[in-house]
Amino acid sequence: MTSRPSLGVRLFRALLRLLPADFRNEFGGAMAADVEEAGQHGARFWWREISSLAAAVLREHVDALRQDVKHALRMMRRTPGFTLVVVTAIGLGIGMNTTVFTLVNAVLLRGLPYSNPDEIVLVETYNREQRDDGPTSWPDYEDWKKDTQAFRGLAATAPQPFSISGDGGTPERAAGSRVTPNTFGLLGQPVLLGRDFREEDGAPGAAPVIILGHSVWEARFASDPTVLGRVLRVNEVPMEIIGVMPRGMRFPNNADAWIPLVPAADGLKREARGVEVFGRLKGNVSLTEAQTELDVIAARLERAYPQTNKSIGVVVLTFNASRTGANIRAGFLMLLAAVSLLLLIACANVANLLIARAVSRAREIGVRIALGASRRTIIRQLLTESLLLGCLGGIVGLGFAYLGVTLFDRSIANVTKPYWIVFSFDWTVFGWLALVCIGTGLVCGLAPALQLARTDTNEVLKDASRGATTGRGRLLTSSLVVIEIAFTLALLAGAGVMIRSFLGIYNADLGARIDNVLMSRISLPTTRYPDPAARLRFAEQLQERLLALPGVEHASLATSFPGEGVGAVRIDIEGQPRASAELPRVVRSPVVDTVYFGTFGIVASEGRLFDARDGAPGAEAVVVNQRFAEAHFGRESPIGRRIMVRPDLKDTAWASIIGVIPHVRHGDTTRDELDAVVYRPLRMAPPASFGIALRSQQPVATLSSGVRTAVAGLDQDLPVFQIQTMEENLALQRWPFRVFGTVFVLFAIFGLVLSTIGMYAVTAYSVGQRRTEIGLRMALGAQQSQISWMVLKRGLGQLAIGVPLGLALAYVVTLGMKSLLVGIGPGDPVTLASILLIVAMVTVAACLVPARRAARLNPTTALRN
Amino acid sequence: MFHVLVALADGDMHGYAVIKDVSTRTGGLVVLGTGTLYGIVKRLLAEGLVVESKRRPAAAIDDERRRYYRLTPFGREVVTAETARLEAMVAAARSTLTLRKESA
């Protein structure tokens with residue numbers, strides 16, 4: 001009719017495609033015709049048309065969505081049971097997923113609770129020789145600060161235990177931190193009461209001041225606002241309280257009080273590395289850029305001070321990276337992977353349910369298609385339904401997630417975690433939840449929607465009873481079951497190796513008797529106990545008093561007890577000079593008294609254990625563990641050989657090895673590998689800070705007041721802290737294993753239950769569909785066993801495909817968990833085999849029930865219906 | 001919506017004719033885009049105020065894609081009632097304004 005339509009008309013026609021299908025089918029042609037009829041017009045005409053069309057596109061889509069949602073809600077109300085099952089299944093899946101994501105968000109993503117937390121980074125000294133990062137010396141810090149351009153500012157902190165007393169209350173121990181006065185300003189942390197540190201508070205000779213943490217303020221001063229200006233004795237020094245921090249603020253390492261960091265004379269040496277440096281990056285500077293710049297500065301310092309800074313570099317890292325070990329990170333990510341698998345299994349289940357229901361809806365859909373609804377409209381309608389199910393599931397899931405997070409939080413209530421890691425919902429979590437809801441809705445709904453939209457109108461309307469169980473539909477259902485089996489296998493395998501590895505660690509023999517032992521710690525201030533002799537005298541007097549307590553059988557003093565961590569020290573071995581390229585020899589070395597080994601039931605495997613003479617000048621002696629003996633003396637007996645502990649100190653003497661004990665686990669209770677340990681007698685190196693262990697036949701918890709009295713009898717101002725039984729202490733160390741283990745078992749069981757239900761439902765459903773066929777076969781003389789086999793065959797077929805897929809997936813999963821596994825390899829055959837057996841048995845059982853029911857079908861009834 | 005009903009009160013017409021009619025009637029003040037028009041038409045159809053008309057002009061001057069609409073008796077009632085309501089409102093407004101002018 002017309003020649004070539006104008007550009008405007010063509011554009012208009014193209015834009016019409018954006019309208020919802022129904023509206024376009026109804027009015028699209030008329031709209032195009034009208035616009036063409038209007039003929040050539042100016043810009044105003046086209047502006048009006050295009051904007052009116054755009055408004056229509058928006059309006060009609062919203063309208064269509066509203067219609068779809070209304071329809072979907074009506075469908076749900078019509079089948080409340082089905083809706084409840086689906087929403088619960090999705091809700092559980094999403095709930096667990098969101099729970100774990102909340103944890104992951106808190107542990108790995110969120111960072112410090114300040115504005116632009118990504119800018120706040122730790123700057124640590126990195127010793128290339130020992131491949132270890134750690135604190136920094138004051139002069140290095142000052143040089144970094146002077147030369148760097150990447151940071152808005154650098155600040156230094158140093159942890160220091162505080163003994164708080166002098167205000168009439170009981171002496172108390174608090175985790176304190178010395179901080180440079182710019183610390184809180186850099187963080188953007190205002191005080192709750194009083195004032196922040198000023199530059200002059202950090203000057204040498206400044207009047208001592210302290211800022212209290214909220215918990216100390218609350219517990220010791222009953223949140224009294226007039227506390228400012230009062231004087232507190234902290235480590236024997238009177239300090240004026242100038243401020244109080246808000247609740248929850250415990251920067252950097254769960255500190256409860258802060259004093260200005262004033263470097264003492266010996267702290268100014270370049271080899272005294274005792275401060276932890278952090279900084280705030282300038283807004284446009286990345287972590288890598290800061291690292292590059294500091295590398296240059298560190299290299300210059302290394303050249304300028306070769307004696308102290310040889311092999312000393314710098315590493316810039318986030319707080320999260322430094323405070324949550326690789327194991328915890330990997331553990332949480334594995335959990336996230338596990339719950340995602342679980343959610344996928346739940347989705348496959350729901351998809352199967354939707355497909356099964358599709359049959360009953362085939363007629364409705366057929367009618368709608370016959371009445372002119374386009375397939376796209378149908379698909380959209382069905383996807384709206386499943387998205388709505390996903391969203392409802394999300395709401396239920398949020399409830400489950402709240403429960404899950406609360407439970408997790410409670411289960412680790414006693415565990416010291418970095419103060420900024422708080423398990424709570426925030427916008428990141430809600431964003432994730434929204435994504436998961438939409439994803440779940442789509443994943444559940446896509447297959448059934450596509451399947452239904454292909455409905456052959458004629459077929460369905462002719463004979464509704466036969467429905468949509470086409471070959472293709474059955475294939476789809478079967479593939480979903482195969483996927484479920486595969487995912488379940490992978491999930492169980494992951495959980496299996498994880499749990500086996502956890503159990504291995506959890507039940508690892510400590511090498512010592514730790515039942516009925518109460519532990520506690522004290523720390524002697526150097527002001528009142530300046531020399532080793534004073535410390536030794538205190539220790540001996542304390543031991544006497546402790547033994548006098550009623551019910552106490554053993555009272556041992558040592559720097560660390562079995563199961564506890566021990567600091568590493570350098571040693572030299574007589575007759576085994578260290579090659580210059582070799583790393584320094586490092587061992588763990590607790591200082592223990594003479595009754596230590598007896599208290600924990602440890603006996604010598606060679607030589608003898610400490611007696612009262614050992615450790616005195618001229619009688620220097622050490623006891624080593626088996627691992628040390630093997631590592632340094634091989635098959636030879638180490639007895640009588642001499643070693644020097646801490647050769648870097650002057651006055652260190654050679655000490656003879658007098659005995660060897662079997663392995664006792666110390667800092668390695670969560671590792672497979674054992675450390676080399678050298679035990680030194682108390683007399684040889686009286687420690688300033690040590691633990692007290694009391695063994696008693698009566699309930700040990702009742703001894704805690706006795707310990708306090710004994711200590712107070714010697715020194716009124718000495719706090720006793722960390723009072724707990726040895727078993728509690730050990731459980732605390734191993735909490736990640738207990739929590740992760742429990743959670744993994746729960747997930748695995750849930751996954752197994754879900755896929756079993758899925759398998760059962762699909763088989764039972766297909767039996768229902770084939771009633772007539774089964775009835776016919778039986779009428780024609782088929783045996784019951786033949787019928788059972790016919791049903792079972794399909795389940796076994798699915799198993800046969802699902803198992804190899806699942807095994808492959810399981811291998812990949814366990815390979816990814818390698819770093820978490822202790823004493824067990826990925827693809828551990830025992831685990832895989834037992835899991836395979838479980839899955840096979842459960843699957844067969846899930847098919848057997850409907851198979852037997854099919855076999856007992858009465859042919860006459862089946863055929864009549 | 002009101003304008004469309006008024007236009008159709010004159011007799012059956014198709015979309016573009018409605019747009020032209022409304023534009024002329026309002027002296028070019030109200031010019032409907034097709035997107036707006038058919039949104040209105042959809043609602044009028046759903047509420048039973050208009051129906052699609054089967055009577056079409058001679059094929060030579062027709063375009064088969066066009067849609068023609070006719071006012072239903074109910075639609076005519078609605079447009080009459082709405083006109084009366086607007087008239088009453090205008091009258092009330094006018095008397096208030098006149099009063100105020102007199103008192104001033």
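**Helix contact, pocket, cavities and a buried strand residue**

In this predicted model, helix α3 (residues 43–78) of chain A and helix α3 (residues 34–46) of chain B pack at an angle of about 35°, their axes being 6 Å apart. Axes here are lines fitted to C-alpha atoms, for helices over the stretch in contact, with angles running from 0 to 180 degrees between N-to-C directions; helices (H or I, at least four residues) and strands (E, at least two) are DSSP runs numbered from the N terminus. From α3(A), the residues A:Glu49, A:Ser52, A:Leu53, A:Ala56, A:Arg59, A:Glu60 and A:Asp63 meet B:Thr34, B:Gly35, B:Thr36, B:Gly39 and B:Lys42 of α3(B), where contact means heavy atoms within 4.5 Å. By class, this contact has 2 nonpolar, 5 polar and 5 charged residues, with Ala, Val, Leu, Ile, Met, Phe, Trp, Tyr, Cys and Pro counted as nonpolar, Asp, Glu, Lys and Arg as charged, and the others, Gly among them, as polar.

Residues are numbered from 1 along each chain as its sequence is written, and chains are lettered from A in the order in which they are written. Local features need pLDDT of at least 70 and side-chain atom pairs count only at pLDDT 80 or more, whereas totals for chains, interfaces and linings use all residues; side-chain values use heavy atoms, with hydrogens and water left out.

The second largest pocket has a volume of about 840 Å³. On a 1 Å grid over the protein atoms alone, a pocket is an open set of points with protein on both sides within 12 Å along at least five of seven lines, a cavity is a set of points where a 1.4 Å probe fits but cannot get out, and lining residues have an atom within 4 Å of a point. Grid points are joined across faces, edges and corners, and a volume is the space filled by probe spheres set on the points. Of the 33 residues lining this pocket, A:Leu649, A:Arg680, A:Met684, A:Ala685 and A:Pro686 are the closest to its centre, and by class the lining has 17 nonpolar, 7 polar and 9 charged residues. Both α16 (532–547) and β15 (568–573) of chain A supply at least two lining residues each, and α16(A) gives the most, with 4 residues.

The largest cavity has a volume of about 120 Å³, and α11 (326–370), α12 (375–411) and α13 (427–453) of chain A are the elements that give two or more residues to its lining. Its lining residues include A:Leu354, A:Arg357, A:Glu385 and A:Leu452. The second largest cavity holds about 70 Å³ of space; α21 (735–769) and α23 (784–816) of chain A each supply at least two residues of its lining, and the largest share, 5 residues, comes from α23(A).

Finally, A:Ala257 has its place in strand β10 (residues 257–260) of chain A and is buried, with a relative accessible area of 0%. Not counting residues up to four places away in sequence, A:Ala257 touches A:Phe162, A:Ala175, A:Gly176, A:Ser177, A:Ile210, A:Ile211 and A:Gly213.

Notes:
Buried means under 20% relative accessible area, exposed over 50%, partly exposed in between (1.4 Å probe, protein chains only).
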